[in-house]
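Let us walk through this protein one part at a time. Keep the sequence and the 3D view side by side as you read.

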Amino acid sequence: MFDKFHEECAVVAIHGHPEAANLAYLSLYAMQHRGQESAGLAVSAGKGKDVMCHKSMGHVADIFTPERLGRLKGDHAIGHTRYSTAGDSAHLNAQPFSVKCNKGQIAVAHNGNITNAAELRNDLERSGAIFQATSDTEVVLHLVAHSRERTLAGALREALLQLEGAYSLVFLAEDRIIVARDPHGFRPLAMGQMELSGGRSAYVFASETCAFDLIGAVYLNDVEPGEMVIAGPDGVTRERFSPQRNRAHCVFEHVYFARPDSIVFGQPVQPTREKMGRFLARRHPVDADVVVPVPDSGVTAAIGYADESGLPYRQALIRNHYVGRTFIEPSQAIRDFGVKLKLNAVRHLLEGKRVVLVDDSIVRGTTSRKIVRMVRHAGAREVHLRISCPPTMSPCFYGVDTPTKSELIAANHTLDEIRRFVEADSLAYLSLHDLRESVGDDENHDYCYACYTGDYPTDMVSIDELLSSRKRP
Ligand code: AMP
């Protein structure tokens, strides 16, 4: 059974560049915010050559030393970073996964969550498949290996049609890269190009376009929902493997997850996030002295709020960007130690002030409460919390790490109860209507809002099974 839901991740793929491993590594570096638990690269030097893979727990920069990268020689590469999870099997679940099968040697990396993976896995195990990890991604490899189709692309087409849920997948075979996006387009996957000498091009694919900026690639467009793109020795071919389905881009990418310098689902994140802040200022104004973001997640919306309200924007919470995975805790308990390690308040900016505190979301409410307390202890006279998305009511089954419904404060409490819990003088959320306007989805219905509405865009036949199999760290 699966350890837990597949979570926020980044994927990258590079085809036809002599420094493929290096570029994939740099792309992961740019997308480190999407997952810090483990990272990995798989590289291939062409037809008849082995696919080499290295993955480990930790941050990209720590895993890949110059020596390690230097050994990953080849023109084609895929890479992956994975968000933090608990459990002993974490290392086994690090990606890419790589296998030798009758389609040759292949490696795969995945962002998303395959909602029917448990059923598919049971079927595969009944027909003799042996699984090594608890990740849903391994199911895809087994489906490919079991397929009677002779080519990898044919086997993939067959495999993809059996999957439900969210996936942006990147595959590496000896001489080609194949990428695919689920028919609803839940998770992002952008395509870019790099000019090489002699008029040749390399093709790159990544979860976020900030990776392209770092490696000097030009963003072309997105891999379409239900589309498979093959970059091989004969160039690039694009095909639909599935009929058109209702689009369901994850709106949380724009709210929180993606970097503001990225273009996600064809839209730059910075202006959408700023609009969220502007709407908040218009609908929920405060007679206050300063607007303060919770860094980094609240920064862009706070800029929008400050601009719209005319209130000064002040960075009165300072984030320590170097907090690692481990630290030595003092033996005497320090109140709110974990949050203090990451954030500290600038008393000089807060003392005696009425503060509008802007963050992107409240999930359990526990972190928000600690931050509100911190601002108050630094001398703020009033703290008014503004949240740049609607109340988070329902868990995500498509790849965002949200706790079960019972742990979601907004699923079980009224607005005023939440306000009292987080100890704010006032609390207001962005409305669903204004969120849609912010991402420009007022007419098309291209986004998934299930975490705010409970209205899931796919048939969740096994939703009870998904809920009961879900383990929290
Ligand atoms: P809490 O007040 O404990 O609910 O925590 C809210 C904070 O968690 C906010 O600052 C969010 O930016 C952050 N957050 C929300 N969703 C996620 C997520 N899926 N992964 C990591 N952090 C998140």
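**From a loop to a sheet and beyond**

Start with Pro 96, which sits in the loop between strand S4 (76–82) and S5. Keep in mind that this is a predicted model. Gln 95 and Pro 96 are joined by a cis peptide bond, with omega at about 5 degrees.

Now step from that loop to a sheet. Strands of a sheet pair through backbone hydrogen bonds, either parallel or antiparallel. Here, 6 strands form an open sheet in the order S5-S6-S7-S8-S12-S13, and the pairing is antiparallel. Which strands stand at the edges? They are S5 (97–101) and S13 (235–240). Each has a single partner strand, so one side of each is left without a neighbour in the sheet. On average, neighbouring strands of this sheet are turned by 20 degrees against each other, direction ignored.

Look at one pair inside this sheet. Strand S7 (residues 165–172) and strand S8 (residues 177–181) run antiparallel and are joined by 5 bridges. Find Ser 168, and you will see Arg 181 in S8 standing opposite.

A helix comes next. Helix H6 (residues 152–160) lies across strand S6 (104–114), S7, S8, strand S12 (227–232) and S13. H6 runs at about 160 degrees to S12. Is H6 mostly covered or mostly open? The helix is mostly covered, with 7 of its 9 residues buried. Those buried in H6 are Leu 152, Ala 153, Gly 154, Ala 155, Leu 156, Ala 159 and Leu 160. They pack against S6, H5, S7, S8 and S12.

The largest share, 5 residues, comes from S5. What kinds of residues line the second largest pocket? The lining divides into 10 nonpolar, 4 polar and 3 charged residues.

Move on to strand S9 (residues 190–195). This strand is mostly covered, as 5 of its 6 residues are buried. S9 runs antiparallel to strand S10 (residues 201–206), joined by 6 bridges. S9 also runs antiparallel to strand S11 (residues 218–222), joined by 4 bridges. Gly 192 shows both links. Its bridge partner in S10 is Val 204, and its bridge partner in S11 is Tyr 219. S9 and S10 form a hairpin with 5 residues between them. In the turn, Gly 198 has a positive phi of about 75 degrees.

A cis peptide bond joins Pro 295 and Asp 296, with omega at about -10 degrees. Asp 296 lies in the loop between strand S17 (290–293) and helix H10 (299–309).

Positive phi also turns up in residues other than glycine. Asp 336 is not a glycine, yet it has a positive phi of about 55 degrees. Asp 336 is in the loop between strand S18 (317–319) and helix H11 (337–342). Why does Asp 336 count as buried? Its relative accessibility is 18%, and buried means under 20%.

Finish with Glu 423, in the loop between helix H15 (415–422) and strand S22 (426–429). Glu 423 has a positive phi near 65 degrees. With a relative accessible area of 30%, Glu 423 is partly exposed.

Note on methods. Residues numbered from 1 in each chain as written. Predicted model: local features only at pLDDT ≥ 70, side-chain atom pairs only at ≥ 80, totals over all residues. Heavy atoms only, no water. Pairing = 2+ DSSP bridges. Helix = DSSP H or I, 4+ residues; strand = E, 2+ residues; numbered from the N terminus. Axes fitted to C-alpha atoms, helices over the stretch in contact; angles between N-to-C directions. Contact = heavy atoms within 4.5 Å. Nonpolar A, V, L, I, M, F, W, Y, C, P; charged D, E, K, R; others polar. Buried < 20%, exposed > 50% of the residue type's maximum accessible area, 1.4 Å probe, protein only.
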